[in-house]
Amino acid sequence: MKILLLGTLFIMQSAFAQTRYCNEVILASGGDSKHMTTYAGEVLSSGSEMMDEQMALNTANLMNKEYDCSTVLDEQNATVTCSDAVLKNHKICNIETIYGFYFVYKDYVDTVHITFSRWD
């Protein structure tokens with residue numbers, strides 16, 4: 001029983017350490033948020049250039065990779081919500097995770113912008 005309890009605590013601590021590490025890596029230069037810009041061609045979703053949930057996840061994973069964060073976001077560990085913006089045919093997405101959230105939007109010049117903000 002003790003071994004099972006110790007094993008469970010070790011696994012939970014490892015998961016927390018990875019989350020904390022990812023947060024520290026992305027925000028290494030200090031501050032509460034980090035911004036990155038990429039071209040839509042690098043984060044296409046099913047060949048489409050329209051912003052959707054998959055493009056938002058692809059962009060967040062690209063940002064994580066750029067900052068050497070090993071966390072891969074998917075439907076299991078992140079909640080993605082996309083909604084229409086004020087502009088016609090324009091979507092804005094929010095990805096919530098246990099260590100912060102990503103705000104993702106695409107402009108009309110084929111550029112995807114993403115901002116990561118940690119929970120405070």
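Biologist: Which strand is H113 found in?

Modeller: H113 sits in strand β5, residues 111-118. Keep in mind that this is a predicted model.

Biologist: Is H113 buried or exposed?

Modeller: Buried. Its relative accessibility is 14%, and the cut-off for buried is under 20%, so H113 qualifies.

Biologist: What does H113 touch, beyond residues up to four places away in sequence?

Modeller: H35, M36 and T37 are on the list.

Biologist: Which side chain makes a polar contact with H113?

Modeller: The T37 side chain, at 3.3 Å.

Biologist: New topic. How many salt bridges are there in the whole structure?

Modeller: The search finds 2. K91 pairs with D84, with the closest N and O atoms 3.1 Å apart. K106 pairs with D110, and there the closest N and O atoms are 3.8 Å apart.

Biologist: Take K91 and D84. Where does each fall, buried, partly exposed or exposed?

Modeller: K91 is partly exposed, at 31% relative accessibility. D84 is exposed, with a relative accessible area of 60%. The exposed class needs over 50%, so D84 makes it.

Biologist: And K106, buried or exposed?

Modeller: Buried, with a relative accessible area of 13%.

Definitions and conventions: Residues numbered from 1 in each chain as written. Predicted model: local features only at pLDDT ≥ 70, side-chain atom pairs only at ≥ 80, totals over all residues. Heavy atoms only, no water. Helix = DSSP H or I, 4+ residues; strand = E, 2+ residues; numbered from the N terminus. Buried < 20%, exposed > 50% of the residue type's maximum accessible area, 1.4 Å probe, protein only. Polar contact = N/O pair within 3.5 Å; in protein donor to acceptor, adjacent residues only side chain to side chain. Contact = heavy atoms within 4.5 Å. Salt bridge = Lys/Arg side-chain N within 4 Å of Asp/Glu carboxyl O.
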